[in-house]
Amino acid sequence: MRVNEEAVPAAAGRRRPEAVVAAGRTAASRVLGPVERFRRGSGYTKFHQYSRWGLYLVAPMELVMICLWAVGRTDSKLPVWAAVLLAALSVLHAGANLRLIRTGLRHYLGQEPFPRRPLSGFLAVTLGALTVPAVLAAAGVVEAGEVAPVFAWFAMFSASVTLVLPMRRGALLLVAITGAALLAGAAAGVDRGGLLGILIGCALGNLAFSATFRPTAWGLRVLEELHAGRESRARLAVAEERLRFARDLHDVLGRNLSVIALKSELAAQLMRRGSEAAVDQMVEVQRIARESQQDLHAVVRGYREADLANELAGARGVLEAAGIRCRVEHRQDLTELSVAVRATLGWVVREGATNVLRHSEATNCAIVLGSADGRVRLTLENDGAHGTPGEGRPAAGSGLPGLRERLTALGGALSTDRTGDGRFRLTAEVPAGAGS
């Protein structure tokens, strides 16, 4: 038993460094994970987070200013409990302000209803934060001149109401809050110079913060509308392709199916009469049905078999319809390529363009076709790619494994390259005469 008791701590001791390293990696991933996701995010995501967190940081600024003021008054006649009380009020006011900023921004963007309770709670906390220092000054606990800046700070950090209310009503409410700060300062015994300082501080602060809150929220709303419009254009491009296919099927099969229905009805009537002409009608129905089947196969085959020239033109049209600038360069004569190579590269263009629409927020895309040393190379590169940078790791369900199989059958290869600046490159290489 003694041997086992000694062996267990030894084993635990051997495992402990690994456990510590694993715990350190887990803690680091928790801290750095959001940073990495932000760094590798799209431009839309980065701008959205920059703007939101820029507004959220306004609330802590109030807390820092009040706390620095309280620390700076440690050598004055301000009691410690009074400084702690004012600091607690600033924490409460900053928390209510942060909540109003978050809910107000969501309301402005149309994501939440009117935040009645956060707005009412913020106004109540603001009035309380203005009343407490006035009572302390009137009671002689603190000097009126020392708490004069506090009235201005609590009032000037109330510009977040402009996110919730229309501009005119928000401006009137800010004027009312400024008036409340002046009344509280007057009740505390602040002199005329101090009251003028409170007025100027409130006016400049509310003007500066209002000019920050409202335009930032407006920019985010415009960005949301542009993003939604881009997705709508992409869906519209897919819907147009479906309509084209449906129109082709209708044009090919519509007439033949109508003829089959009429001849079948005629054959049924002739059979009731005992006429041998019914057999001729059914033979005709059989012939038309076989022709329709061949026509259907031709339509589906034409849709399934990608032609490189048509796919290049189609990719440019679909991407530009979705608001993505597309550049197509021909450095290789398509007629010199075999049918199999053209079809396979056409599949690469089709799948690559589809992935740009579905899995990125691209604004630019370039498709380049060239050849060197008897091999044809097709590259499709776009910006606005999502995900973790890496090579040869396509997203699940993207269809790239199927393309790799097609190219491998012709002696070719498919590779992907994703860089940290959000660019994605799809490269396909195949011998020029493969499959001929």
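My entries on salt bridges follow.

**Entry: the total.** I'm working with a predicted model. I looked up how many salt bridges there are, and the count came to 10. I reminded myself of the general idea: side chains of opposite charge can pair when their charged atoms come close.

**Entry: a pair within one helix.** I picked R287 and found that it forms a salt bridge with E284, with the closest N and O atoms 2.2 Å apart. Why can these two reach each other? Both sit in helix α9 (residues 277-304), and they are 3 residues apart, so about one helical turn separates them. I also checked how open they are: R287 is partly exposed at 37% relative accessibility, and E284 is partly exposed at 25%.

**Entry: E429 and its partners.** E429 makes a salt bridge with R375, and their closest N and O atoms are 3.6 Å apart. Here E429 belongs to strand β6 (residues 424-431) and R375 to strand β3 (residues 375-382), so this pair ties together parts 54 residues apart in sequence. R375 is partly exposed too, at 29%.

E429 also meets R377 in a salt bridge, at 2.3 Å from N to O. That pair again links distant parts of the chain, with E429 in strand β6 and R377 in strand β3, 52 residues apart. I noted R377 as partly exposed, at 44%.

**Entry: a network.** Which residues join up in a network of salt bridges? I wrote down E381, D417, R423 and R425.

Definitions and conventions
Residues numbered from 1 in each chain as written. Predicted model: local features only at pLDDT ≥ 70, side-chain atom pairs only at ≥ 80, totals over all residues. Heavy atoms only, no water. Salt bridge = Lys/Arg side-chain N within 4 Å of Asp/Glu carboxyl O. Helix = DSSP H or I, 4+ residues; strand = E, 2+ residues; numbered from the N terminus. Buried < 20%, exposed > 50% of the residue type's maximum accessible area, 1.4 Å probe, protein only.
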